[in-house]
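Please read the notes below with the model open beside them. They are meant for a colleague who is meeting this structure for the first time.

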Amino acid sequence: MKIAMVGSGYVGLVSGACFADFGHDVVCIDKDQSKIDRLHQEIMPIYEPGLDALVDSNVKAGRLSFTTDLADGISGAQAIFIAVGTPSRRGDGHADLSYVYAVAQEIGDSLGHDAVVVTKSTVPVGTGDEVERIIRSSGTPHRVSVVSNPEFLREGAAIGDFKRPDRIVIGAEDDFGREVMSEVYRPLFLNESPILFVNRRSSELIKYAANAFLATKITFINEMADLCEKVGADVQDVSRGIGMDGRIGAKFLHAGPGYGGSCFPKDTLALLKTAEDYDSPTRIVEAVVKVNESRKRAMGRKVIDALGGAMVARGRKVALLGLTFKPNTDDMRDSPSIAIAQALADAGVQMAAYDPEGMEQARPLMPKVEMCESPYAAIEGADAVVIVTEWDAFRALDLDRVRSLVKAPLLVDLRNIYNPDDVRAKGFTYESVGRA
Ligand code: UGA
């Protein structure tokens, strides 16, 4: 089956490469000539483990190609995916749908056959209706079904998530849409991945509801962590204790500096806007957004407190280990490290940092932070070492070496990746999240 993927960013490229790996014939389309040129040279525009090898093998097998020409790329494709960005609109937090609608217009203008048009971009409820209206208004004589098929890929684990999904959600309004989508996902269906067919609006809402629920879970455990610190409990134990209840579930109960990334912050805001537009407030999500936002900067204050307070912290040096919003990505969008670095800079703290993949993206976002070649270079002469992102490279630091390099042995572990007793036994003062 021929599939066209319009938008070769994170979601489009991962999905396109995985569909090709299933045996489909996939064309990834993007307006950005330099991105397509680089893809032709097999230079990935993003860092995602395993993606370059997947692209390479499918290009070599003749199942995956790239173009900037939309009309040519969608020609003969039974399924045309829209996977372009839906950033937060400047000023009001609504999802900016201008890219999605522009693609819908182009598809309508150049479609030469029957096709299913699939929105994979995260789009607010009702967007599929508008995509359908735009395509139909082009006067196309062909049968078109507009379907919603949200993605549930985590950065850093996207290929695994795509190939072994918890579920595939398809929002279709007719049999043509359902039949073509069944064919698209047949390899996964044979693998017994559950496919959930719902109407289009339900599918669009499932995506936002899922992300908002996960953001709520994280925020809940983060507030429990604060309470744990006050009452002398251990949030890791509390997480385990509640997570073993099948109704709650163990995942996404890891306390930390707050969620970031390109999805949760944007999607929770967009959900609030939809709720507002439909006069159906989602107060829990409102609280989650507020609590998470203030938490990031509060983590900067936590470091300042650990240094002995604002008076002492001025002029001290802090080493930040990890800058990306989570490990195995180079993505800095809405990363807690940005607010933490800002809070520390405001308090007159000097900073050096190391991140395995994110330093290039981080540099313009935190100009006062010195970027270093290795964790140990960042640590040298530091009054505090702060673990901001739980990269594997920081899980087994040589603590004796760290001790010999720092000015003062203070470790602030915002991801709870160390055992407090082990670190203290090495002579460090150790602060973590939600562990008294
Ligand atoms: C998230 C969802 O997990 C995906 O299912 C979804 O498809 C994606 O958004 C999207 O909408 O495109 P992602 O943003 O890549 O994926 O990253 P997550 O692994 O979900 O982490 C998000 C943030 O939550 C990170 O800052 C992470 O550090 C934080 N987090 C996660 C916690 O603080 N605690 C946890 O227990 C889990």
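Predicted model: local features only at pLDDT ≥ 70, side-chain atom pairs only at ≥ 80, totals over all residues.

1. Residues are numbered from 1 along each chain as its sequence is written, and side-chain values use heavy atoms, with hydrogens and water left out.

2. Around the ligand there are 19 residues, of which Glu-151, Glu-155, Lys-207, Asn-211 and Cys-263 come nearest; a residue is near a molecule if one of its heavy atoms lies within 4 Å of it. By class, this shell has nine nonpolar, three polar and seven charged residues, where Ala, Val, Leu, Ile, Met, Phe, Trp, Tyr, Cys and Pro count as nonpolar, Asp, Glu, Lys and Arg as charged, and the others, Gly among them, as polar.

3. Polar contacts are pairs of N or O atoms within 3.5 Å; within protein, one must be able to donate a hydrogen and the other to accept it, and residues adjacent in sequence count only if both atoms are side-chain atoms. A polar side-chain atom of Asn-211 lies 2.7 Å from an oxygen atom of the ligand, a polar backbone atom of Phe-325 is 3.1 Å from a ligand oxygen, and a backbone N or O atom of Phe-152 lies 3.4 Å from an oxygen atom of the ligand. Taken alone the ligand exposes 710 Å², and the protein buries 92% of that, with areas from the Shrake-Rupley method and a 1.4 Å probe; for residues, only the protein chains shown count as cover.

4. Helix H10 (200-231) and helix H12 (264-277) are the elements that give two or more residues to the ligand shell, and H10 gives the most, with three residues. Helices (H or I, at least four residues) and strands (E, at least two) are DSSP runs, numbered from the N terminus.

5. In helix H6 (residues 127-137), Thr-127, Gly-128, Val-131, Ile-134 and Ile-135 are buried; buried means under 20% relative accessible area, exposed over 50%, and partly exposed in between (1.4 Å probe, protein chains only). Seen down the axis of H6, these buried residues fall within an arc of 125 degrees, so they line one face of the helix; the arc is that of the directions from the helix axis to the C-beta atoms. They pack against strand E4 (79-82), helix H5 (98-110), strand E5 (115-119), strand E6 (144-148) and H10, contact meaning heavy atoms within 4.5 Å.

6. Lys-296 is placed in helix H13 (residues 283-307) and is buried, with a relative accessible area of 2%. Its side chain reaches the backbone oxygen of Asp-334 at 3.1 Å, and, leaving aside neighbours within four places in sequence, its contacts include Pro-257, Tyr-259 and Pro-336.

7. Asn-292 also has its place in helix H13 and counts as buried at 2% relative accessibility. The side chain of Asn-292 reaches the backbone nitrogen of Tyr-259 at 2.8 Å.

8. Where does Asp-279 lie? Asp-279 is in the loop between H12 and H13, with a positive phi near 55 degrees in a residue other than glycine, and is exposed, with a relative accessible area of 67%. Asn-328, in the loop between strand E9 (317-321) and helix H15 (336-346), has a positive phi near 60 degrees and counts as partly exposed at 34% relative accessibility.
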